[in-house]
Amino acid sequence: MMRTIYTRIRQIFIGLACLIVVASAAQSQALAQTQSQNPTWDETLAAARGQNVYWNAWGGDERINAYIAWVGKRVWDEYGISLNHVKLADTADAVSRVLAEKAAGRTSGGSIDLIWINGENFAAMKENGLLHGPFTEQLPSFAAVDFEHKPSTRVDFTVPVEGLEAPWGMAKINFIYDSARVKTTPRSVPDFLTWAEANPGRFTYPTPPDFIGSTFLKQVLIELTEDRDELQKPFVSEERFTAVTAPLWEYLDNLHPHLWRKGELFPANGPAQRQLLDDGEVDIHISFYPSEASSLIATDLLPGSARVFVLEEGTIGNTHFVAIPFNASGKEAAMVVANFLMSPEAQAEKQNESVWGDDTVLAMAKLSNEDRRRFDDLPRGAATLPPEELGATLLEPHPAWMTRIEAEWQKRYSR
Amino acid sequence: MSKFQRIEVLRFAPIFTMVLFLAPVCAGLIGTWLPAVGIFPALGGEEFSLAGWHELFAYPGLGSALRLTLTCGLLSTVLSLVLVIGFVASCNERKSFRALRRFITPLLAVPHVAIAIGLAFLIAPSGWFVRLFSPWATGWTTPPDIASVQDPYGFALTAGLVVKELPFLFLMTLAAVHQTHADRRLAIARSLGYGPVTAWIKTVLPAIYPQIRLPVYAVLAFSLSVVDMAMILAPTTPPPLAVLVLRWFNDPDLSMRFVAAACASLQFGIVAAAIGGWRLLEILVARLARPWLIDGRRGGGGDTLASIFGFTATMVCGLGALSILGMALWSFTRRWRYPDVLPSAISLDSWMRQGGSILQAGLNTLSIGLASAAIATILVVACLENERRQSVQTTTRGLWLLYAPLLVPQIGFLFGTQVLAVQLNIDGTWWALVWTHLLFVLPYVFLSLSDSYRNLDERYVRSALCLGASPNRTFWRVKVPMLLRPILYAMAIGFAVSVAQYLPTLFAGGGRYVTLTTEAVSLAAGANRRVVGVFALLQATLPMIAFGLAIGIPALLYRHRRGLRGIA
């Protein structure tokens with residue numbers, strides 16, 4: 001019995017392997033066709049009407065969830081698209097699912113239509129041919145994206161986007177603290193060490209590979225490294241990796257004993273650290289959205305005395321995107337949703353601090369006066385730094401560094 | 001003719017149940033073991049390789065993860081079992097017993113995640129307990145830097161597991177006590193002058209242990225492979241093995257799948273070894289205890305034991321109740337900072353804002369839970385009725401098979417099951433979800449129903465048959481009414497189990513079906529206790545309503561029949 005099952009399974013797997021080869025060939029062919037035909041936007045809109053979009057997006061923040069629900073209402077009213085937010089605990093769950101479908105040979109009618117994605121997950125999906133597209137050139141709103149001043153909308157963690165994902169929002173590291181309790185804040189990465197020594201147990205960062213935790217490590221690496229350009233390419237050899245990252249590990253070895261729980265335990269993710277700040281267990285929270293502090297005050301998640309600081313040499317910034325899996329069922333509707341997400345209306349709503357406070361990807365100069373006013377009229381909370389005080393934006397290193405640093409971090413500090 | 005067909009259908013019930021049941025588990029295990037030895041064509045794994053295992057053993061945190069898994073899993077199982085046996089043995093003649101019994105059933109209904117989230121808030125350095133005494137007594141104006149949650153030894157996780165397992169083992173023990181006519185044994189032993197505790201341990205325990213053996217193994221397997229509670233209460237550097245598996249399955253670097261599969265297989269091996277080891281320990285204890293059992297010593301009144309166990313059991317249940325209470329408060333909170341003992345500002349915002357998702361998640365939870373509980377109950381009754389009519393005793397092996405989904409770590413076969421569901425083209429459908437839930441619901445329904453069913457006095461049925469009623473008429477008119485209470489109770493347990501499922505819902509539902517549990521876990525990651533409180537509270541309320549109905553309906557229907565009230 002067992003034996004027959006085994007042979008059967010093996011047959012299925014071999015069958016699958018063949019299917020995948022055929023399917024990927026078919027996919028690239030289909031790609032070529034879409035490009036040559038390039039259906040006009042009206043046709044896409046017509047096809048999209050009545051379709052379902054299952055949007056897989058991290059669901060850990062109920063303010064973002066509420067914004068996504070608003071998007072759902074708008075695309076239903078405007079385009080007759082039924083948008084369902086599939087709330088993920090981790091974006092990798094969705095990557096996992098597309099992979100399982102590819103393993104089972106499902107090249108169409110997939111269960112995911114849209115994914116909120118960037119960085120490593122995007123790199124993994126692109127590399128394994130799990131994405132539909134390029135499709136962003138077909139979206140009318142795409143023209144107003146600020147490629148000139150926001151280069152990360154074209155290059156996601158140094159991996160060229162090539163139209164496979166549509167920019168949705170801008171993130172930039174900043175630090176939130178409670179000004180009622182903390183008087184002096186660090187101004188640089190070495191400063192953090194002195195600060196932590198003076199305030200033992202009052203700082204920490206989320207456990208890598210959580211994206212905020214990993215980004216903090218990259219921030220440290222960039223500031224301590226001598227040749228920042230080297231980080232923009234994959235490392236050339238083990239020796240180079242060891243040499244370049246040596247200051248990072250030395251720094252962390254010195255820093256950890258002064259952290260929350262003596263660096264033996266780290267919060268699971270950003271929101272967990274935010275809760276620690278509100279509970280008074282730590283004094284600093286690392287945020288990825290410049291207006292998050294004001295937004296958190298507005299939604300009663302942080303005290304009114306919360307304020308923001310950044311570092312003198314600048315902080316890491318990146319772009320987050322939406323992408324469409326290769327086997328999505330409602331590709332047209334997914335494109336319409338992606339287009340709506342980049343529209344001035346949706347972008348301004350998103351940037352509103354009482355909604356979410358996530359910065360726009362659009363260039364103000366490319367907008368009509370009316371659309372620009374949507375952004376000008378947005379309220380700005382006391383905790384939000386004006387753009388000129390936000391400091392320089394540092395570029396993300398190549399994902400190869402990040403993946404390797406995360407593994408190395410696990411090896412050193414998770415035993 | 002129709003009667004003939006009826007019987008035929010019934011005869012297939014056990015086979016049908018087994019296939020429905022074992023196919024996904026087997027497929028799941030194979031789908032997990034193949035990648036563990038390097039075979040996973042979608043990722044280019046075409047031939048046998050142990051690279052995944054090499055990488056797993058090279059992982060520096062593996063030792064600590066293993067230690068954590070084993071200590072939490074074994075310690076919580078031993079503690080729960082000792083507590084239950086000690087409590088039942090020493091307090092069964094006391095008033096506290098009845099009181100706690102009434103208190104424990106609702107606790108059984110509360111899903112793990114809700115308990116874990118609530119407990120984390122209770123015992124955290126900035127949690128409720130510390131707030132009660134700070135800063136006036138402790139001098140802590142800011143929370144102390146102590147790892148009382150996610151501690152490196154896993155004590156918080158162990159405590160959470162005990163809070164959750166104690167009610168289950170307690171109810172299983174009570175059921176066993178019923179069947180073995182423990183009261184008669186006790187009465188005889190007591191009349192021979194044995195003290196209450198000694199009488200219980202010497203005459204009742206040896207008879208009931210075989211009956212609670214499988215539930216104990218299920219608890220052991222669960223504690224060793226728990227994911228959702230561990231994500232909240234266990235340390236993260238490194239986490240227990242099961243969380244590592246999930247983390248690797250979810251790693252953006254898809255080649256980590258091979259390591260994840262290897263680790264899932266290791267997890268399977270650990271559970272198997274732990275159960276085997278436990279069995280050996282049982283034999284050893286039985287052998288060592290034999291002289292003591294028959295040495296004729298009567299033992300004392302056991303007052304000290306009674307107060308110790310009564311107190312500890314009450315504390316454990318109290319922790320559970322406070323966890324839920326804390327989350328209930330949070331759901332109405334606007335601001336509640338350290339060191340305030342109570343919220344400084346309250347509001348209904350969290351409830352209002354979640355209105356839409358509550359409704360959707362609640363309806364999904366309800367429909368999936370009801371369907372899987374109902375199907376499980378029908379299948380179990382059909383199997384048990386068939387067993388009666390064919391007068392075959394289900395072999396132990398059959399029972400073990402039924403238990404397979406509880407004994408095999410979920411994380412060890414769900415990925416494979418997902419691939420199977422995708423192949424059958426039913427993934428992400430409501431039916432796939434019901435089916436997957438059924439795997440976990442059915443054993444519990446069987447567990448809670450089989451004994452009442454088998455112990456129904458056969459003479460009632462015989463009398464009815466002698467009076468000329470057909471087997472089916474006898475079934476509907478005699479057995480079902482007499483067994484209505486245990487049947488509904490089993491269904492309520494099934495419903496509670498379904499409500500609590502996290503990983504199976506995630507894997508089979510493709511995230512398209514949100515339930516209160518998936519919402520609660522995904523929001524727990526976001527750490528906003530207000531919203532988590534809303535879902536945790538709802539998640540706890542639904543099963544409690546089910547239990548209320550299961551107890552209330554028969555009580556209402558049979559309010560004029562004293563004889564039917566006692567049968568449970």
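B:Pro339 sits in the loop between strand S1 (333–335) and strand S2 (345–346) of chain B. The peptide bond that joins B:Tyr338 to B:Pro339 is cis, with omega about 0 degrees. The model is predicted. Most peptide bonds are trans.

Chain A has a cis peptide bond too, between A:Gly133 and A:Pro134, with omega about 10 degrees. A:Pro134 belongs to the loop between H5 and strand S4 (155–156) of chain A.

Next come two backbone angles. Most residues other than glycine have a negative phi. A:Phe157 has a positive phi, near 55 degrees. Its place is the loop between S4 and strand S5 (159–160) of chain A. Is A:Phe157 buried or exposed? A:Phe157 is buried, because 21 other C-beta atoms lie within 10 Å and the cut-off for buried is 20 or more. A:Glu162 also has a positive phi, near 50 degrees, and is found in the loop between S5 and strand S6 (165–172) of chain A. With 14 other C-beta atoms within 10 Å, A:Glu162 is partly exposed.

Now the domains. Chain A is assigned domain 1 (41–170 + 319–384) and domain 2 (174–318 + 391–413). Their C-alpha centres lie 27 Å apart. Each domain gives 23 residues to the contact. On the domain 1 side, H5(A) supplies the largest share, 3 residues. That side divides into 7 nonpolar, 10 polar and 6 charged residues.

Last, the chain contact. Chain A contributes 64 residues and chain B 51 residues. Elements giving two or more residues on the chain A side include helix H1 (2–37) and helix H14 (399–413). H4(A) gives the most, with 10 residues. By class, the chain A side has 30 nonpolar, 15 polar and 19 charged residues.

Definitions and conventions: Residues are numbered from 1 along each chain as its sequence is written. Chains are lettered from A and ligands numbered from 1 in the order in which they are written. This is a predicted model: local features need pLDDT of at least 70, side-chain atom pairs count only at pLDDT 80 or more; totals for chains, interfaces and linings use all residues. Two residues are in contact if their C-beta atoms, placed from the backbone, lie within 7 Å. Helices (H or I, at least four residues) and strands (E, at least two) are DSSP runs, numbered from the N terminus. Ala, Val, Leu, Ile, Met, Phe, Trp, Tyr, Cys and Pro count as nonpolar, Asp, Glu, Lys and Arg as charged, and the others, Gly among them, as polar. Domain bounds come from an automatic or database domain assignment. A residue is buried if 20 or more other C-beta atoms lie within 10 Å of its own, exposed if 12 or fewer, and partly exposed in between; C-beta atoms are placed from the backbone.
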